[in-house]
Amino acid sequence: MSKNNTASLQASVEKYNVATEKLYDTDAYLTVFEAEILKVEPADNGLCLILDRTLFFPEEGGQNSDKGTLSLVEAEYEVKYVGIEKRDGEEVICHYVDGTDASLCKGAKVQGEIDWKERYDKMQNHTGEHILSGIIHSEFGFDNVGFHLNDEIFTMDFPKSLLLLWQNFVLKQT
């Protein structure tokens, strides 16, 4: 393999061979963390930052991503959205911020802070979804086949209509 091909291959591997440590999996009650920027990519109206670690839960499983801020010593950036994206077959977690500030560069250290009020609300709704799904499964035998949670609504999907079954259930209780 030529020197140019080797350098190109290394650059390709380095480009997306990143594994962001998912701090939200180990402690859902943390609100602040420190991280290093591994990659910076241009995005619509701003940048996608790939960090070495994050507390920001990305959008997945029917649940919207966390919001919050990423701060450098001299500036604070609002995290608008966090998503899991495919890059050359690899999954990466992108933190989308407005702007194109040159200080947001590979190697920069940032402090992140999640919007705790929003996170806690989602945690409570998610727990409620599990409880309600368990009750519906034990009473009617239906599995939850979909779950959607955002800032305004919370929905659950079941394979059959629950309305008639619920009415029958209520009538049996009275």
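This report describes strand pairing, aromatic contacts, cysteines and a surface patch in a predicted model.

Residues are numbered from 1 along each chain as its sequence is written, and side-chain values use heavy atoms, with hydrogens and water left out. In this predicted model, local features need pLDDT of at least 70 and side-chain atom pairs count only at pLDDT 80 or more, while totals for chains, interfaces and linings use all residues.

**Strand E5.** Helices (H or I, at least four residues) and strands (E, at least two) are DSSP runs, numbered from the N terminus. Two strands pair if DSSP finds at least two bridges between them. Strand E5 covers residues 68–71. Four bridges join E5 to strand E6 (residues 76–87), and the two run antiparallel. E5 and E6 form a hairpin, with four residues between them. Leucine 70 has tyrosine 77 as its bridge partner in E6. E5 also pairs with strand E8 (residues 109–114), again antiparallel and over four bridges; there, glycine 68 is partnered by isoleucine 114.

In a regular strand the side chains alternate between the two faces of the sheet. In E5, Gly68 and Leu70 point one way and Thr69 and Ser71 the other way, and all are buried. Buried means under 20% relative accessible area, exposed over 50%, and partly exposed in between (1.4 Å probe, protein chains only).

**Aromatic pairs.** Rings of Phe, Tyr and Trp (its six-membered ring) pair if their centres lie within 6.5 Å; planes under 30 degrees apart count as stacked, over 60 as edge-to-face and the rest as tilted. By this rule there are six aromatic pairs. One of them joins tyrosine 29 and tryptophan 116, tilted, at 5.8 Å centre to centre with 50° between the planes. Tyrosine 29 lies in the loop between strand E1 (21–22) and strand E2 (32–43), and tryptophan 116 in helix H2, 87 residues apart. Ring pairs link Tyr29, Trp116 and Tyr120 into a cluster.

Zero disulfides (cysteine sulfur pairs within 2.5 Å) are found in the whole structure. In helix H2 (residues 116–140) lies isoleucine 135. Ile131, Leu132 and Ile135 form a nonpolar surface patch, with about 270 Å² of accessible area together. Areas come from the Shrake-Rupley method with a 1.4 Å probe.

| Residue | Relative accessible area | Class |
|---|---|---|
| Cysteine 94 | 0% | buried |
| Cysteine 105 | 35% | partly exposed |
| Tyrosine 29 | 55% | exposed |
| Tryptophan 116 | 28% | partly exposed |
| Isoleucine 135 | 43% | partly exposed |

Note on methods:
Patch = residues over 30% accessible without salt bridge, like charges linked within 9 Å, V, L, I, M, F, W, Y side chains within 5 Å. Salt bridge = Lys/Arg side-chain N within 4 Å of Asp/Glu carboxyl O.
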